[in-house]
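The following note comments on the model shown below.

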Amino acid sequence: MKNWFLQFKQNPRGIVGLAVLLLWIFAALAGPAFLTHTYTGMDMESQLTGPGVNGHLLGTDALGRDVFSRIIYGSRSILTIALMTSLLSSIAGIIIGFTAGYFGGTVDTVFLRIMDILMAIPPLVLSMVVLGILGNSTIFGLTIIVSLAYTPATARVARGALLTCKGNEYVDAARIRGESHLYIMFIEILPNTIGPVIVEITARFAYSIMMIASLGFLGVGLQPPTPDWGMMVIENKSLILEAPWTVLYPSLAIASLVIAVSLFSDFISKVMIHEN
Amino acid sequence: MKTEPVLELKNLGVVYKTLTDSVVAVKDVSLSVGINEALGIIGESGSGKSTLFYAIMNYLSGNGSRSGEIIFKGEDLMGKSAQEMTAYRGSKIAMVYQNPYSSLNPSLTIGFQLEEVSMFHHGMTRPQARKAAIEVLTDLYLGDAAGIIKRYPHQISGGMQQRICIAMALLCRPDLMILDEPTTALDVTTEAVILDIIAELKNKYNMSLIYISHDIGVVNKVSDRIAVMYRGEVVEFGDQKIIYKTPKHPYTRALINCMPRAGVVKEDSRLNTIPGYVTRRSAAETGCPFVNRCEKRNDTCLDNYGMVEREPGRFSACDRAYATDIPEKELKAAKGHLPEGEDPEHKTVLKIQNLKKHYGHTGRRVRALDGVDLSLDRNNVLGVVGESGCGKSTMGHTVSGLMKPTSGKVIFDGKDISVSWKKRSPEVLREIQLIFQNPGRSLNPSFTIESIIGRPMEKLLGIKSKQERRKLIVDLLKKVDLGAEYLSRRPKQLSGGEMQRVAVARAFSISPHLLVCDEPTSALDASVQASVLNLLVDLQKESGASYIFISHDLNVINYLSDYIMVMYLGRIVEYGLKDEVAGSPGHPYTEALLSAVPDVDPSLKKGSIRLEGSPPNPTKKIRGCPFAGRCHRKIGDICDSTPPPRVDVTGTHFAFCHLPPGTMRTVIADKGI
């Protein structure tokens, strides 16, 4: 723990990242309690009013919905999906990558080739196609699909981390006392790969936010009236000159969250390198 | 020394500044090296011996600062700028480092790298430089010099690479050559050749040498005078023979007694150990650096300390090595007990029959083990020795179950166990344990010592209760001289010696009957090695377990084995009782190995057999004797064409050689080996 404080002192950008991230998490958890507007409520009196007018902190959109409320509510879905995605894809990646790397040989080759094929399709395209076919995007569906798209990359990272540990003699020592493969993989080796795995999870978190926002922007994300940052940008694209706030603030929300998570992720990787 | 010294150090000190404090790496070192003199520097890791010479060359990292004087041929190097130092580096003072592979550029030919030296330092043209390079290589006994300079570093053996590095240093025609553990990474036979060459070239080129090593035996072979370093200070300095015979500083004496050496065997004597471990020296510390670990300390050690010329040319910082006011430590061997009620039927614990392990495919088949037969009795220690690549580790791993033999049988206690760990029963797994070379890698860094030692108990002995396990673990820790406070520590918090003790405790946690030790002390310092060897001997005597002890170090093998097996290219070349093999070898390879071992006692002069080259390519099928190509006693064509027969010298001693039995013994007697 002492080490972490020292590291924080040396990395002011890490503090900024963590602070912004915590702010968003707070907004998602407790934000709605402070809001005066609902995210669906249409204020017919004041459509497209600028920020600060009629109690609309960040203005309203063409339907008179409060932009600020929609952003706060929107943070809930995006954070949930991104967090679930980074965890799920990391867990799946660890299982697949560890199995491939541990057994090696044919198992490794088959797994790697399948991963290669999946990686050849850009994750965004893959998700779009699947979501397009399913037609109906829910938080659950989005989570599964984005996780699936990111699994090949995490599997490769996990496999690499395992391979650096596999040659160590403590693995041999475990073998000759007759430990099972599962024990060796997940009890002997996993704790020693935790550094790169945590770095991977945080980096994946940032990627997932981008991905979900992109999917929303492309119209295959969460369906209206659920507020979605990416969707808010595309809905109001045509109004960008008349009512720039309708596009600017959701975009800023996306950017601030992605940058915050990236800064925090950089910090984590620095700490992990330092600890090893 | 009447002539002006080539290099003189006066009160040289090096201090490193870290975030929290400053660390003294070298303190108050005063040494001198005369013309054509060889100075050996001995010290354990962390004694500052390498730092000392980085300081001379001004190679210290940014946070290091120097003090004192460095006088090289009358000039003070201390005041020279980095720019001015380039005139000295290489051309006047050359260095050879430990790892030749990382000293050579892998993408340039050896010729190019050698020529570069003369072209840069002496302004030669390329053809002139090539001629000079070939000349030096011939001086280094590299047979086909013209062929070698066309090759790349990875195409030649480690011993040759190191000779290329020495050639590079020689091409500069330096006045002083500093060698920093140049043979530590090499096989003992290669080491012997290189040490020979170094000593010879020193006179030929009229250079001075500084030879840094942790191994007294190696330093003895090349040096005239020896300086012993401990925690950054030179504690003793003088003629090598006198230092060995009558060490003045208690540290020197303790260190010599730590080394397994000629005439010291487990039956009579334990190895000396030095309690505690080397700690970093802070700037505030004064007095004797060894005081906390010294057995002969008294009240004056902290104030009354400093190098004194005890006899002409003989300096030491302390003369209490044999002080009589403090009684000597008892180093008598503990008595072993033979397991009672021994059943003669089950005397043999392990039998190996025609064991083979091959890697790769047909066509490029590596024969790591090529037909090994042996049997090992209860309560015996079998030492397995040979150069790297002789298959000794492969044999250990096949016995312990890490790999499955290609063919042949491993029979343990009457049961056929020639399968890998996956197919062995828990009973067999419990009986055979393995201790690895590098404890840093064999202990899982994520686990506490308690779970590292406790897991085999839980898994193989079925002791499920944590309290019960803890009690047993504490007992075990006590046996390996560690306290209960280690239970919750993790391997990273331990020193190398402590880690290896934990590894030993883990191996003994399930009271195995057979322990395979794969070079368990080669990564450790002399004093730490001694304590681990003592521990292994004690535990063996106490438990009656059998050991297969694999090592490249004949001194260590000789100390603790009952039987010795010499391997070469996947086969046994000689097997017998310790005294038989070491005393009257029946195979020329054993003879060469024995003559190559560096002796701790400099007065032991042995006939030297220069074993050139390296073992033949293991992918080629050899019809005759595998050693024929390098053998100094080759009889003739028969050696190349017919596999050597087994010659039984005595009932327990045999060798595979075409030489008629008894020839070697008479020749050895003539040579006075």
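1. Strand β14 (residues 348–359) of chain B pairs with β15(B) in the antiparallel sense over nine bridges. Helices (H or I, at least four residues) and strands (E, at least two) are DSSP runs, numbered from the N terminus, and two strands pair if DSSP finds at least two bridges between them. Within this pairing, K351(B) has S375(B) in β15(B) as its bridge partner.

2. The model is predicted: local features require pLDDT of at least 70 and side-chain atom pairs count only at pLDDT 80 or more, while totals for chains, interfaces and linings use all residues. Residues are numbered from 1 along each chain as its sequence is written, and chains are lettered from A and ligands numbered from 1 in the order in which they are written.

3. On confidence, the model scores ipTM 0.82 and pTM 0.85. For chain B the mean pLDDT (the predictor's confidence in each residue, from 0 to 100) is 86, and 96% of its residues reach 70 or more. Residues 667–673 of chain B, however, have pLDDT below 50; beyond near neighbours in sequence, this stretch makes six contacts in the model. Two residues are in contact if their C-beta atoms, placed from the backbone, lie within 7 Å.

4. The strands of point 1 belong to an open sheet of four, in the order β15-β14-β17-β18 (chain B), with antiparallel pairing. Because β15 (366–377) and β18 (415–416) of chain B each have a single partner strand, they stand at the edges, and one side of each is left without a neighbour in the sheet.

5. G40(B) lies in strand β3 (residues 38–42) of chain B. G40(B) counts as buried, with 25 C-beta neighbours inside 10 Å; the class requires 20 or more other C-beta atoms within 10 Å, exposed means 12 or fewer, and partly exposed lies in between, with C-beta atoms placed from the backbone. Leaving aside neighbours within four places in sequence, the contacts of G40(B) include Y211(B), V222(B) and Q240(B). G40(B) and Q240(B) are 200 residues apart in sequence but 8.5 Å apart in space, C-alpha to C-alpha.

6. Two residues other than glycine deserve a backbone check. N379(B), in the loop between β15 and β16 (381–385) of chain B, has a positive phi near 65° and counts as buried, with 21 C-beta neighbours inside 10 Å. E519(B), in the loop between β20 (514–518) and α18 (526–543) of chain B, has a positive phi near 45° and counts as partly exposed, with 19 such neighbours.
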